[in-house]
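Hi,

Here is the structure I promised to pass on. Have a look through it first, and then read on for what I found.

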There are 2 protein chains.
Amino acid sequence: MHDTRGDRPGRPRGRLLVQKYGGSSLATAERIVSAAQRVAAARAQGHELVVVVSAMGDTTDELIQLARSVARQPDERELDHLLSTGEMVSATLLAMALADRGCPAVSLTAAQAGIRTTRVFTRARITGIQPERITRELDKGKVVVVTGFQGITEEMDVTTLGRGGSDTTAVALACALGAECCEIYTDVEGVYTADPRVEPAARPLDRISYEEMLELAQLGARVMHPRAVELGLLFGMPILVRSSFSDAPGTLITGGEEVEVRKHVRGVAHDMDVAKITLGGVPDRPGIAAAIFKPLADASINVDVIAQAASLEGITELSFTISRGDLPKALPMMKEVARQIGATALDTSDRLAKVSIVGTGMQSAPGYAARMFSALAQANINIDMISTSDIRITCVIDRERVEEAVRVLHRAFELDTD
Amino acid sequence: MHDTRGDRPGRPRGRLLVQKYGGSSLATAERIVSAAQRVAAARAQGHELVVVVSAMGDTTDELIQLARSVARQPDERELDHLLSTGEMVSATLLAMALADRGCPAVSLTAAQAGIRTTRVFTRARITGIQPERITRELDKGKVVVVTGFQGITEEMDVTTLGRGGSDTTAVALACALGAECCEIYTDVEGVYTADPRVEPAARPLDRISYEEMLELAQLGARVMHPRAVELGLLFGMPILVRSSFSDAPGTLITGGEEVEVRKHVRGVAHDMDVAKITLGGVPDRPGIAAAIFKPLADASINVDVIAQAASLEGITELSFTISRGDLPKALPMMKEVARQIGATALDTSDRLAKVSIVGTGMQSAPGYAARMFSALAQANINIDMISTSDIRITCVIDRERVEEAVRVLHRAFELDTD
């Protein structure tokens with residue numbers, strides 16, 4: 001039993017691939033069979049396989065509708081138990097399809113796969129993985145199909161990880177099992193230089209660094225969930241994003257040193273989900289920013305771009321953006337804050353959007369911001385707010401101009417050519 | 001903590017009701033809400049409640065269809081995991097509907113509820129119940145909704161108990177928790193004197209003994225699963241069968257001594273699922289019956305009525321009935337047996353049906369068989385085979401005459417009058 005392959009829990013399994021199939025890749029019986037064929041082909045090439053699945057097609061949304069038809073405010077613990085059935089259905093069907101084609105397979109629920117999480121229903125975090133059952137089934141020569149998006153608390157209650165959680169499950173399992181690579185199968189051919197629905201000249205990238213992908217994911221490129229990318233970065237797990245509908249090579253998300261930087265700017269991202277709150281007539285004294293942002297943080301409202309005008313006679317103006325969905329919750333809080341700190345005006349706008357350029361090269365080469373701003377200016381697109389990081393420059397602009405801005409920047413940074 | 005209510009695991013909970021809702025009682029969101037209202041009403045009357053649910057409407061059949069669309073022969077372990085999602089959906093929806101109406105509730109899967117079974121997928125048997133989580137939730141004042149029809153193996157794999165398994169789950173939980181009563185909610189108003197679709201004068205019975213119910217259930221009265229009735233008999237658990245669509249009082253299945261025997265014959269049952277196999281020219285010598293029935297038993301084929309003709313010059317004829325679905329499997333076996341024992345003829349018929357009268361009174365009063373046979377004779381209905389027990393007489397007759405036979409016998413034994 002003591003061989004050198006290292007097939008005991010916690011030891012790397014060099015021939016192991018973790019593949020994740022999203023909802024659109026499993027939306028029908030035909031697509032499940034097609035995914036099974038892809039899995040079987042990888043196994044025939046000598047790989048061990050753990051396959052993480054999302055729920056079929058729109059199942060999750062349909063289950064949420066069903067919950068709302070019996071309860072005005074569905075209990076979150078019950079909702080998580082309900083939603084978890086979606087991945088159980090796709091996991092068992094995929095395992096059946098594999099077994100029926102002579103490829104031994106077993107489906108495991110989050111409880112069976114040992115995926116432990118916090119007890120925060122609807123948006124739990126993975127706290128650890130106890131992979132004994134998975135490794136036992138792999139040792140029997142089986143393909144192990146694991147329900148994505150879900151975990152289990154210490155009390156054996158089922159939790160879900162929030163939208164995009166199946167990506168996180170896949171990368172976490174790849175890291176815990178010491179897999180060779182984590183492959184994310186989706187309905188697009190990889191990570192694009194821009195949203196191809198907006199910029200027809202957008203191209204899939206061969207490679208991208210974790211950091212760049214993280215920025216893109218957070219900026220609204222829906223191809224990968226940011227938490228999954230973070231995990232990949234933390235454990236150095238290569239993540240290959242590719243289409244389940246074609247044989248295109250996809251995009252490899254990997255460590256910065258492996259990424260050949262041919263262009264400084266790698267992609268343009270945009271995000272429509274932007275609401276701005278502006279407090280005017282704010283006394284410019286220490287503690288004001290804390291007074292404004294602490295209640296938002298306490299309510300788990302994420303603040304994105306922040307801009308403060310230059311102080312004039314001890315009075316300033318402060319603007320920040322949040323997700324549009326958080327506006328109804330944030331507004332009464334800000335009214336109260338405005339009263340407390342003596343601000344004289346409170347304005348909101350949800351007619352804005354963000355456009356960003358991302359690339360690890362930017363930190364070592366100047367002039368990118370200027371090039372971005374002048375490209376937008378030439379197109380007569382006004383910039384409302386600006387935010388930057390080492391590898392990203394973001395402009396908040398008019399929502400109606402954002403698609404044009406994507407195309408302008410894609411061209412300005414020559415992203416349409418290889 | 002040490003009060004006298006006896007609310008620790010394994011001790012009787014005198015105020016506890018176990019209610020089971022079948023698929024038709026939970027087929028739509030409206031019906032789930034209506035079931036929630038009934039549960040909440042029982043709780044408002046001071047009862048503790050454990051509610052066992054089947055899958056909504058035709059969910060189980062739909063999931064089986066889905067499985068067949070991806071695999072010619074779905075793996076049974078995977079099929080059980082797939083089917084178990086049906087009850088998870090109805091359990092979580094019912095718990096949400098309850099909580100949303102101010103009635104604290106929690107749904108538990110078979111794993112969470114501690115329902116242990118054998119590792120025989122698609123027809124597992126309950127081996128024990130570890131009710132700690134259930135009693136903990138009851139002690140918190142919650143209604144506990146448990147997924148019926150399913151259990152869990154020692155290895156944490158999900159099993160199903162076969163058709164009608166939710167009844168078994170309900171009675172098993174009622175016994176394990178020391179409930180006051182197990183209430184089975186269904187789409188009929190109780191146990192009838194005959195199938196009301198066949199005999200319009202059929203009436204629901206107030207009470208019936210476990211033994212009588214067991215005979216009726218095995219004879220094709222689909223209202224209760226025989227295994228559930230057996231469990232009730234074994235533990236003396238009163239079972240109330242009633243409609244979830246009306247306030248009719250239903251039928252109480254209870255111990256014989258509590259059943260007031262006003263009529264000796266309590267009901268007429270019929271069953272269309274009958275196939276007959278006849279072996280002719282069989283040498284009448286010891287060991288022949290064993291040679292015929294052992295291979296059937298080994299293949300888990302249930303033999304029902306057996307009839308052997310009087311031996312003539314050392315040659316006899318032997319007939320028996322099985323379920324029609326077992327015929328394709330049994331026939332090649334019997335061809336082989338006929339060859340081995342030197343039988344000269346092998347005939348089959350699937351144009352038959354069974355009609356039975358059932359009642360505990362019969363064992364202590366003679367003449368019932370004669371009355372049954374003469375009633376059928378007067379209606380010119382030929383009897384092909386006969387089988388009896390202490391509380392039952394069954395005749396195998398022509399399939400096309402069986403509904404008429406039900407009506408004839410219902411009238412002959414005056415079952416239409418109270």
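In chain A, 8 strands form an open sheet of mixed pairing, in the order β3-β6-β2-β1-β9-β11-β12-β10. Strands here are DSSP E runs of at least two residues, helices are H or I runs of at least four, and both are numbered from the N terminus; two strands pair if DSSP finds at least two bridges between them. β3 (105-108) and β10 (207-209) of chain A have a single partner strand each, so they stand at the edges with one side left without a neighbour in the sheet. On average, neighbouring strands of this sheet are turned by 20° against each other, direction ignored.

This is a predicted model: local features need pLDDT of at least 70, side-chain atom pairs count only at pLDDT 80 or more, and totals for chains, interfaces and linings use all residues. Residues are numbered from 1 along each chain as its sequence is written, while chains are lettered from A and ligands numbered from 1 in the order in which they are written.

Now for another set of strands. β13 (residues 267-283) of chain A runs antiparallel to β16 (residues 345-358) of chain A, joined by 11 bridges; H270(A) is partnered there by V355(A). β16(A) also pairs in the antiparallel sense with β18 (residues 392-398) of chain A, over 7 bridges, and K354(A) has V396(A) as its bridge partner in β18(A).

Enjoy exploring!

How values were computed:
Axes are lines fitted to C-alpha atoms, for helices over the stretch in contact, and angles run from 0 to 180 degrees between N-to-C directions.
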